[in-house]
Amino acid sequence: MKPVIKFEFYRAFRSRGFYVALLLGTALAIGDIVLFHNAFRDTIDAKVVMQTWIGTDYQFVTNSLFYALLPILAALPYAGTYYEDIKTGYLKNILLHTSRRGYYMAKSFVVFVMAAITVMIPLLLDLMAVMTIYPLRMPERLEFLAAGILDVNLFSGLYETNGALYALAFILLDGLFAGLLALVSVCVAERVESMFSAIVIPFAFYIMWSAVMMENNDGRFSVMEMLNPLQSVVFSGLQVVLMAVGGTLIIILWLFLKGRRKDVL
């Protein structure tokens, strides 16, 4: 399976979608820094990292855009290639050299990793940039959103003691769910009519699920709200674990059953 994984990574890093998604995410991150600096240039010396990092900057639309588009950023790099492999006949050719299950495992692993790093890189670059400009101390409790986050269980201890670790914790969480969302494209590829549909379906599921949860459950199981470090909805670590484990098990089961099929599309 290692040669298959190596070749899939070779294809992934040559994919136009990877660079488009990376450019879009990075543009949002840079745009947020520029907007913040221009808006607060007269009081810039009083600002801190947790007020300027895109993950916790509530002043501009860039935070909302990044987390709304997260499934697109995750799926663009490589998730649609399984659909492409089916339609072009590449899948038939590669199954002459490896098992169906080995192919699915390699494909799923690469899709997951590419989605995770594509979402994490812009967030990391933004964090590194603002850490070179602004101090890391926490804002006053009655300023910014510190009071709200400190009343929430999810990573609140990290927020209070080290803002950079708080940001890194959410970056890892975002990467994990980005990978899972991208794998939805692999799961549905055989049931859609175009690569565009395969890429957009995780986004549609993400938006619809979050809307339903906000309407009927106070947003406590909304993936979109769960991934946003602003934490406008109260979450616990148990809720995040349940969502991550539940989503992982469903996707693994789906891919396992897919790997047992004998027909080749």
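Tutor: Start with Phe-177, which touches Val-223, Met-226, Leu-227, Val-240, Met-243 and Ala-244, leaving out residues up to four places away in sequence. Contact means heavy atoms within 4.5 Å. This is a predicted model: local features need pLDDT of at least 70, side-chain atom pairs count only at pLDDT 80 or more, and totals for chains, interfaces and linings use all residues. Residues are numbered from 1 along each chain as its sequence is written, and side-chain values use heavy atoms, without hydrogens and water.

Student: How many salt bridges does a search of the whole structure find?

Tutor: Side chains of opposite charge can pair when their charged atoms come close. The cut-off is a side-chain nitrogen of Lys or Arg within 4 Å of a carboxyl oxygen of Asp or Glu. The search finds four. One of them pairs Arg-11 with Glu-8, closest N and O atoms 3.4 Å apart. Both sit in helix 1 (residues 2–13), three residues apart. Helices are DSSP runs of H or I, at least four residues, numbered from the N terminus.

Student: Which residue forms a salt bridge with Arg-11 at 2.9 Å?

Tutor: Asp-85 does. Asp-85 lies in helix 6 (residues 81–88) and Arg-11 in helix 1, so the pair ties together parts 74 residues apart in sequence. Lys-107 also meets Asp-85, at 2.9 Å, N to O. Shared partners join Glu-8, Arg-11, Asp-85 and Lys-107 into one network.

Student: Is Lys-107 buried or exposed?

Tutor: Buried means under 20% relative accessible area, exposed over 50%, partly exposed in between (1.4 Å probe, protein chains only). Lys-107 is buried, at 0%.

How values were computed: Helices (H or I, at least four residues) and strands (E, at least two) are DSSP runs, numbered from the N terminus.
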